[in-house]
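Please examine the sequence and the structure shown below before reading on.

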Amino acid sequence: MQVILKDEIIQKLKEVGLKIGDTVMVHTSLGKMGYVCGGAQAVIEALMEVVGDSGTIMMPTQSWKNLDPETGVHWEADQKDWQLIRDNWPVYDKNLTPTNTMGAVAEMFRQMPGSVRSDHPARSVCVWGRYAEYPGKHTCVEHSAVSEAGKRVWKAYETLFVDGNDFEKIGEDFEEAYAVPGVQIGNAFVRLMYQRELVDFAVKWMETNRA
């Protein structure tokens with residue numbers, strides 16, 4: 001199996017267009033790259049070295065298991081046990097709560113010195129760099145275990161509603177409409193795209209295709 005070094009990741013990230021001062025949202029799968037020497041740490045350090053202290057790195061660090069069982073996130077539990085889960089699920093602690101299916105890179109990134117994780121108990125984002133301190137956005141109601149005055153409570157709160165069922169289709173259509181540069185890092189294909197183009201495209205796509 002090919003061994004992938006940090007220097008190669010740095011080279012490939014620069015080749016795809018990432019540079020000093022950039023603000024980048026990173027979704028990554030360490031396992032798909034193959035054998036990365038240094039694992040998640042090497043990937044994170046490569047990203048940091050490419051964008052530098054003047055840049056900003058963001059990663060989703062969702063802990064969506066801390067949502068109400070009625071949303072389907074605890075599919076392995078019987079409905080008769082849902083209240084038991086509500087009564088006992090650990091409260092969200094942005095310094096402690098692990099990510100859920102976000103991958104090894106995001107899980108380590110949330111623990112890196114200088115990283116700032118948002119307060120959302122289920123849909124948090126972690127940021128490192130120049131713009132690490134940023135405001136949140138809230139638009140709908142969800143339920144999670146949180147801490148209030150040192151006590152655990154199951155709380156309703158306003159938040160951004162997330163519906164990702166058609167995200168893959170949006171991505172496919174975006175790549176047909178825009179030139180998306182990419183490079184191969186080990187077994188993984190890495191893409192770099194401009195967030196403003198992607199967000200504007202997604203908004204129009206959703207307005208057209210979602211009921």
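At roughly what angle do the axes of helix α6 and helix α7 cross?

## Helices α6 and α7

In this predicted model, helix α6 covers residues 167-177 and helix α7 covers residues 195-209. Their axes come within 10 Å and cross at roughly 115 degrees. The crossing of α6 and α7 is right-handed.

On the α6 side, the contact is made by F167, K169, I170, D173, F174 and A177. Helix α7 contributes E197, L198, F201, A202, W205 and M206. By class, the residues of this contact comprise 9 nonpolar and 3 charged, with no polar ones.

## Strand pairing around β6

Strand β6, residues 125-129, pairs with strand β4, residues 56-60, in the antiparallel sense. This pairing extends over 5 bridges, and within it I57 has W128 of β6 as its bridge partner.

Strand β5, residues 116-117, also runs antiparallel to β6 and is joined to it by 2 bridges. Here V116 has V127 of β6 as its bridge partner.

## The protein as a whole

The protein has 7 helices and 10 strands. Its C-alpha trace spans about 50 × 40 × 35 Å along the principal axes. The radius of gyration is 19 Å, which agrees with the value near 17 Å that a compact globule of 211 residues would have.

Of the 211 residues, 40% are buried. Among contacts with a separation of 6 or more, 63% are accounted for by residues 24 or more positions apart.

How values were computed
Residues numbered from 1 in each chain as written. Predicted model: local features only at pLDDT ≥ 70, side-chain atom pairs only at ≥ 80, totals over all residues. Heavy atoms only, no water. Pairing = 2+ DSSP bridges. Helix = DSSP H or I, 4+ residues; strand = E, 2+ residues; numbered from the N terminus. Axes fitted to C-alpha atoms, helices over the stretch in contact; angles between N-to-C directions. Left-handed = near helix turned anticlockwise from the far one by under 90°. Contact = heavy atoms within 4.5 Å. Nonpolar A, V, L, I, M, F, W, Y, C, P; charged D, E, K, R; others polar. Rg over C-alpha atoms; globule rule 2.2 N^0.38 Å. Buried < 20%, exposed > 50% of the residue type's maximum accessible area, 1.4 Å probe, protein only.
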